[in-house]
Amino acid sequence: MTLDRVVMAFAGCVVLLGVLLSLTVHPWWIALTVFAGFNMLQASVTGFCPSAMLFKALGVRPGTAFK
């Protein structure tokens, strides 16, 4: 898997986890989903993605979106 796919899969998991926790534990868990959405939006504008930096440091091979 390339870095692009790993980052998108991670973001999708965070969104789904936030929704699941907000439905089953406490409604304020929706803030996790909001944070993930905000992070995806700022990464698309600035090109800076903390999770991409983390996965790159862990040795995931680079893709074309995050360099």
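Among contacts in the protein between residues at least 6 apart in sequence, what percentage join residues at least 24 apart? In this predicted model, the share is 59%. The protein contains three helices and zero strands, and its elements follow the pattern α-α-α when read along the sequence. The C-alpha trace spans about 35 × 25 × 15 Å along its principal axes. Of the 67 residues, 31% count as buried.

Two helix pairs were examined. In general, a pair of packed helices is described by the angle between the axes and by the distance between the axes. Helix 1 covers residues 3-24, and helix 2 covers residues 30-46. The axes of helix 1 and helix 2 come within 7 Å and cross at roughly 155°. Helix 1 is therefore classed as roughly antiparallel to helix 2, because angles over 145 degrees fall into that class. The crossing of helix 1 and helix 2 is left-handed. On the side of helix 1, the contact involves A11, V14, V15, L17, G18, V19 and S22. These residues meet I30, L32, T33, A36 and M40 of helix 2. By residue type, the contact of helix 1 with helix 2 consists of nine nonpolar residues, three polar residues and no charged residues.

Helix 1 also packs against helix 3, which covers residues 50-57. Here the angle is about 125° and the axes are 10 Å apart. This angle makes helix 1 oblique to helix 3. Helix 1 passes helix 3 in a right-handed crossing. Helix 1 contributes L3, V6, V7 and F10 to the contact, while helix 3 contributes S51, A52, F55 and K56. The residues of the contact of helix 1 with helix 3 divide into six nonpolar, one polar and one charged.

The segment before helix 1 was considered next. T2 lies in this segment. When residues up to four places away in sequence are not counted, T2 touches V60, R61, P62 and G63. The separation of T2 from L21 was also computed: the two residues are 19 residues apart in sequence, and their C-alpha atoms are 28 Å apart in space.

C13 is in no disulfide, and the nearest cysteine sulfur, that of C49, is 14 Å away. C49 is likewise in no disulfide, with the sulfur of C13 as the nearest cysteine sulfur, at 14 Å. A disulfide would require a pair of cysteine sulfur atoms within 2.5 Å.

Are C13 and C49 buried or exposed? C13 has a relative accessibility of 52% and so counts as exposed. C49 has a relative accessibility of 7% and therefore counts as buried. The cut-offs behind these labels are over 50% for exposed and under 20% for buried. C49 is located in the loop between helix 2 and helix 3. The C-alpha atoms of C49 and N39 are separated by 7.6 Å, and the two residues are 10 residues apart along the chain.

Methods:
Residues numbered from 1 in each chain as written. Predicted model: local features only at pLDDT ≥ 70, side-chain atom pairs only at ≥ 80, totals over all residues. Heavy atoms only, no water. Axes fitted to C-alpha atoms, helices over the stretch in contact; angles between N-to-C directions. Helix = DSSP H or I, 4+ residues; strand = E, 2+ residues; numbered from the N terminus. Parallel < 35°, antiparallel > 145°, perpendicular 65-115°, else oblique. Left-handed = near helix turned anticlockwise from the far one by under 90°. Contact = heavy atoms within 4.5 Å. Nonpolar A, V, L, I, M, F, W, Y, C, P; charged D, E, K, R; others polar. Buried < 20%, exposed > 50% of the residue type's maximum accessible area, 1.4 Å probe, protein only.
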